[in-house]
Amino acid sequence: MNSAAVRGLILVTGATGKVGRAFIARLLGDARCDSFEVRALCHNRSLPPHPRVESVHGAIQNRADVHRALEGATHVLHLATSKETPDDVMDVAVKGMFWLLEECRASKALRQFLLVGGDASVGHFYYPHGVPVVESQPHSAYPGCYALSKVLEEVMLEQYQIQYGLNGCCLRAP
């Protein structure tokens with residue numbers, strides 16, 4: 001990566017997934033974002049080579065890997081998840097999110113943390129809602145570890161915003 005004239009370095013967790021790949025492709029294809037570079041935290045898969053993309057291999061539940069991946073990042077797009085895998089979900093969603101938030105809190109370079117959550121945290125299609133689901137909707141995960149993990153991630157981010165003033169945002173993408 002060329003650090004000359006770089007406006008930002010975006011760490012993308014879950015970069016090799018469906019949403020991560022789509023985001024990176026759009027960012028790299030948008031001339032307004034030419035001064036942004038991407039660092040992808042890759043666990044099991046890799047991204048194709050690109051001059052503005054650096055792949056860092058590791059596991060989000062390993063603090064040293066998160067520290068290495070976040071070093072110098074100005075933005076974080078957190079997409080990493082483990083779906084319905086009870087053996088891994090707490091390590092990825094809770095421990096991984098904790099290490100990511102801790103490293104962001106300590107970072108001098110970080111400007112914005114963005115968590116892409118999902119409608120799973122409010123049971124959007126599982127529980128009947130008499131009114132439109134908005135930001136004030138209480139957490140109400142549907143059965144299963146994936147929906148629970150989405151609630152836990154959102155609550156952890158909210159607490160880091162309250163406790164430490166972390167500049168973060170959660171987008172609930174269905």
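User: What covers the buried residues of helix 4?
Analyst: The cover includes strand 4 (75-78), helix 3, strand 5 (112-117) and strand 6 (168-172). Helices (H or I, at least four residues) and strands (E, at least two) are DSSP runs, numbered from the N terminus. This is a predicted model, in which local features need pLDDT of at least 70, side-chain atom pairs count only at pLDDT 80 or more, and totals for chains, interfaces and linings use all residues. Residues are numbered from 1 along each chain as its sequence is written, and side-chain values use heavy atoms, with hydrogens and water left out.

User: Which residues in helix 4 are buried?
Analyst: C145, Y146, A147, S149, K150, V151, E153, E154, M156, L157 and Y160. Buried means under 20% relative accessible area, with a 1.4 Å probe and protein chains only.

User: How many residues does helix 4 have?
Analyst: Helix 4 has 20 residues and reaches 28 Å from first C-alpha to last, close to the 28 Å expected at 1.5 Å a residue. The expected span is 1.5 Å times one less than the number of residues. Just after helix 4, G165 has a positive phi of about 70°.

User: At what angle do helix 3 and helix 4 cross?
Analyst: Roughly 15°, with the axes of helix 3 (residues 89-106) and helix 4 (residues 145-164) coming within 9 Å. Axes are lines fitted to C-alpha atoms, for helices over the stretch in contact, and angles run from 0 to 180 degrees between N-to-C directions. Helix 3 and helix 4 are therefore roughly parallel, a word for angles under 35 degrees.

User: Which residues in helix 3 meet helix 4?
Analyst: V89, M90, A93, V94, M97, F98, L101, E102 and R105 in helix 3 do, and their partners in helix 4 include L148, L152 and Y164. Contact means heavy atoms within 4.5 Å.

User: And helix 2, where does that meet helix 3?
Analyst: R63, V66, H67 and L70 in helix 2 meet W99, L100, E102, E103 and C104 in helix 3. The axes of helix 2 (residues 63-70) and helix 3 come within 9 Å and cross at roughly 45°.

User: New topic: is G20 buried or exposed?
Analyst: G20 counts as buried because its relative accessibility is 1%. G20 lies in helix 1 (residues 18-29).

User: What is G20 in contact with?
Analyst: Leaving aside neighbours within four places in sequence, G20 is in contact with G14, A15 and L79.

User: How far apart are G20 and R172?
Analyst: They are 152 residues apart in sequence and 15 Å apart in space, C-alpha to C-alpha.

Definitions and conventions
Angles under 35 degrees count as roughly parallel, over 145 as roughly antiparallel, 65 to 115 as roughly perpendicular and the rest as oblique. Buried means under 20% relative accessible area, exposed over 50%, partly exposed in between (1.4 Å probe, protein chains only).
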